[in-house]
Structures are given as C-alpha cells and as structure tokens.
Amino acid sequence: MDLHASVDVSASGLHAQALRMRVIAENLANADSVARTPGGDPYRRKVATFRSHLDRTIGATKVQVASITTDKSQFGKVYQPGNPAADGAGYVQTPNVNGLIEMADMRAAQRSYQANLNAIEAARAMTARTLDLIK
C-alpha cells in the first residue's frame with residue numbers, strides 16, 4: 001500500500017470517529033430531555049455503527065459509518081407528579097443515556113481519532129523524508 005492510500009484509510013477513520021463524537025455529544029446534550037407530552041417517550045440514545053469497505057481504486061479497506069441506530073434499552077423512571085410529562089401515576093420517563101458510558105465512548109473515539117492523526121502525520125513525514133533524499 002502506498003502512502004497516499006494509507007492517508008486515505010486514516011482519513012476515513014477520522015471522518016468515522018468525528019461522526020461518532022458528534023453522536024455522543026448529541027446524547028450528552030439530551031441526557032436530561034423528557035417527553036413533551038404526558039406518558040410520552042423521552043430522547044432515545046443513539047449509537048453509530050461502522051463497517052469496512054473495500055476501496056478498489058486504492059486497493060485498501062476503509063471504514064464507513066454503516067448506520068446510526070437507537071439504543072433499545074429501557075428508559076428510567078422518576079417520580080415527579082408535578083411535571084407536565086408525568087403519566088397518570090406521576091412518573092416521568094427519563095432518557096436511556098448514561099453519562100459514564102457516553103464519556104467512556106467519547107474517550108475511545110478521541111483516542112482512535114488521535115491514532116489516525118498520528119498515522120497521517122507519519123505518512124506525511126515519510127513523504128517529506130523521501131523528497132529530501134531525492135534532492
């Protein structure tokens with residue numbers, strides 16, 4: 001694989017991890033969102049999934065976002081009878097977003113993003129050294 005192809009592969013990883021971080025940020029931003037109507041469903045956590053994709057033009061496998069799906073885990077419940085979103089029993093459903101899980105996912109995405117940046121920087125440095133040798 002040539003250096004251009006390795007940069008393309010790392011760039012696809014950068015795009016995928018950037019999207020993953022945006023989805024996590026959306027989850028964290030809506031962690032306290034409740035339904036607008038009594039007994040309604042609150043915000044449901046989203047998860048980005050990836051798949052590998054063979055790019056035949058460069059002969060390398062890249063990463064692509066396969067989909068952004070919703071987490072099907074149960075909502076939490078909080079007793080707040082005065083809340084407009086409360087059901088008949090006075091309970092309000094809370095989003096299925098766990099801040100600790102989101103922060104762990106964010107840290108993993110940041111590290112993967114940094115690893116891809118390091119790979120691009122290494123390819124750039126090798127190209128610069130090659131050009132210096134040719135001079």
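Here are a few notes on the contacts and the hairpin in this predicted model.

1. Let's start with the hairpin. Strand E1 (residues 46-55) and strand E2 (residues 60-70) run antiparallel, with 10 bridges joining them. Leu-54 has Thr-61 as its bridge partner in E2. There are 4 residues between the strands, and Gly-59 takes a positive phi near 70° in this hairpin.

2. On charges, a search of the whole structure turns up 6 salt bridges. One of them pairs Glu-26 with Lys-46, and the closest N and O atoms are 2.9 Å apart. That pair links distant parts of the chain: Glu-26 belongs to helix H1 (residues 3-29) and Lys-46 to strand E1, 20 residues apart. Glu-26 is partly exposed at a relative accessible area of 30%, and Lys-46 is also partly exposed, at 28%.

3. Asp-55 and Lys-62 make another salt bridge, with 3.1 Å between the closest N and O atoms. Here both Asp-55 and Lys-62 are buried.

4. In helix H2 (residues 99-134), Arg-124 and Glu-121 are 3 residues apart, so about one helical turn separates them. They form a salt bridge whose closest N and O atoms are 2.7 Å apart. Glu-121 comes out as partly exposed, with 41% relative accessibility.

5. Last, the rings. The charged end of Lys-77 sits over the ring of Tyr-91, 6.0 Å from the ring centre. The search of the whole structure also finds 1 aromatic pair.

Key:
Residues are numbered from 1 along each chain as its sequence is written. This is a predicted model: local features need pLDDT of at least 70, side-chain atom pairs count only at pLDDT 80 or more; totals for chains, interfaces and linings use all residues. Side-chain values use heavy atoms; hydrogens and water are left out. Rings of Phe, Tyr and Trp (its six-membered ring) pair if their centres lie within 6.5 Å; planes under 30 degrees apart count as stacked, over 60 as edge-to-face and the rest as tilted. A charge sits over a ring if NZ of Lys or CZ of Arg is within 6 Å of the ring centre and within 35 degrees of the ring normal. Two strands pair if DSSP finds at least two bridges between them. Helices (H or I, at least four residues) and strands (E, at least two) are DSSP runs, numbered from the N terminus. A salt bridge is a side-chain nitrogen of Lys or Arg within 4 Å of a carboxyl oxygen of Asp or Glu. Buried means under 20% relative accessible area, exposed over 50%, partly exposed in between (1.4 Å probe, protein chains only).
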